[in-house]
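Please read them with the structure open.

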Amino acid sequence: MIITHVRAVQPDADRAPAGWRGTIGQILVRIDTDDGLSGYGVGGGGPAGIHVVQTVLREVLIGANAEDVEGLWDAMYRHTAAYGRKGIAMMAISGADLALWDLRGKRANKPLVEVLGGTRMAVPSYRTGWSRDGLEGALALGYKALKFGIGGMDPHSELDAIADFFADVRSVIGTDIQLMCDASMSWDVEGTLRAADRLAEFNLDWLEEPLLPEDFDGYERLMRESPIPIASGEHEYTARGFEDLMQRGLHAIYQPDVCWCGGLTELVKIYALAKEYNTEVCPHRGGEVWALHAIGALDPDPLAESGRPWMTWVCDQPQVKDGKIAPGEGPGFGVWFDDGLWE
């Protein structure tokens, strides 16, 4: 199974928000082999990520054996190590690695959850929202866990409003549904501790990414003093990076994004590290197929975050039913893409 073509595109997404997460960020990588198979993976980095895929990664991949997934990850990493251990180059590697895993599943004619040693099963899902809008709709879909992003609110000047928001949500959902808060890297340590003390009465399962990723000392203090568990890691890269965090015990829940952190090769390693360090992994946007297969196979307490609704160019994405989501029956990731994306 020799690699013959490596391509990347940025599919149009009419409903995507502006910024690197949406209209300029998401890329689709396609790897073709000489036996007629095509593997697909989603990475990040926008036009810059596409450039990395179609230049430096292509140099590594063309002519290589696609079955050597882990060896090719190491080769891509070494080829870009001078400038790419984190950030855009690693996001590009993530897309290529996921495409190689898709080929691995298709070669075995199995969903990747089975390749990873699991079985197809529905796992609990949680819905992420950025306002109260859609709350009733999420409950109607059977979600038993909800997360709200409030990164635009300052805990120093708007703490009453933050508390009122979560009080309102709790009044609607009751006490049996899990509730989480995402601060999107926008707070400082003192503000986070003020917010955690105030929000503890609402029984939050975690407070997500309140500080910048590199604020190790700040996260260490939060782990000591916050009454709410701290979750973070969606902007960390590679298993090596996550082991550094786990060694210091910086988070209660680690949240790698498989489309950014190095692909499925690294997510498998991160799950192994979590077992070694006796800690929890809950992948960022894990309800998308790229992480969902690993969650179903490797996670002892699975919980899959809702995906991005604007990625309508991914065909046959699994849907939430009764608050749960399951990978499809097809081989590999079980999704497909219109050939028109490559024209």
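How many cavities of 30 Å³ or more does the count come to?

1. The model is a predicted one, and the rule used here gives 2 cavities of 30 Å³ or more. The largest cavity holds about 50 Å³ of space, and the residues that line this cavity are Glu-209, Pro-213, Ser-232, Gly-233, His-235, Glu-236, Leu-245 and His-251. Sorted by class, the lining of the largest cavity comprises 2 nonpolar, 4 polar and 2 charged residues.

2. By class, the lining of the largest pocket divides into 12 nonpolar, 12 polar and 11 charged residues.

3. The lining of the second largest pocket is divided into 7 nonpolar, 4 polar and 6 charged residues.

4. As for the sheet, 3 strands in the order 1-2-3 form an open sheet with antiparallel pairing. Strand 1 (3–9) and strand 3 (38–43) stand at the edges and have a single partner strand each, so one side of each is left without a neighbour in the sheet. From one strand to the next, the twist averages 15 degrees.

5. Within this sheet, strand 2 (residues 27–33) and strand 3 run antiparallel and are joined by 6 bridges. A specific pair to inspect is Leu-28, whose bridge partner in strand 3 is Val-42. Helix 3 (residues 88–108) lies across strand 1, strand 2 and strand 3, and runs at about 150 degrees to strand 3.

6. At what angle do helix 6 and helix 7 pack, and how far apart are their axes? Helix 6 (residues 159–173) and helix 7 (residues 189–199) pack at an angle of about 40 degrees, with 10 Å between their axes, and the crossing of these two helices is right-handed. On the side of helix 6 the contact is made by Leu-159, Asp-160, Ile-162, Ala-163 and Phe-166, while helix 7 contributes Arg-194, Ala-195, Arg-198 and Leu-199. Taken by class, this contact of helix 6 with helix 7 has 6 nonpolar, no polar and 3 charged residues.

Methods:
Residues numbered from 1 in each chain as written. Predicted model: local features only at pLDDT ≥ 70, side-chain atom pairs only at ≥ 80, totals over all residues. Heavy atoms only, no water. Axes fitted to C-alpha atoms, helices over the stretch in contact; angles between N-to-C directions. Helix = DSSP H or I, 4+ residues; strand = E, 2+ residues; numbered from the N terminus. Left-handed = near helix turned anticlockwise from the far one by under 90°. Contact = heavy atoms within 4.5 Å. Nonpolar A, V, L, I, M, F, W, Y, C, P; charged D, E, K, R; others polar. 1 Å grid on protein atoms, 1.4 Å probe; cavity = no way out; pocket = protein on both sides within 12 Å on 5 of 7 lines; lining within 4 Å. Points joined across faces, edges and corners; volume = space filled by probe spheres on them. Pairing = 2+ DSSP bridges.
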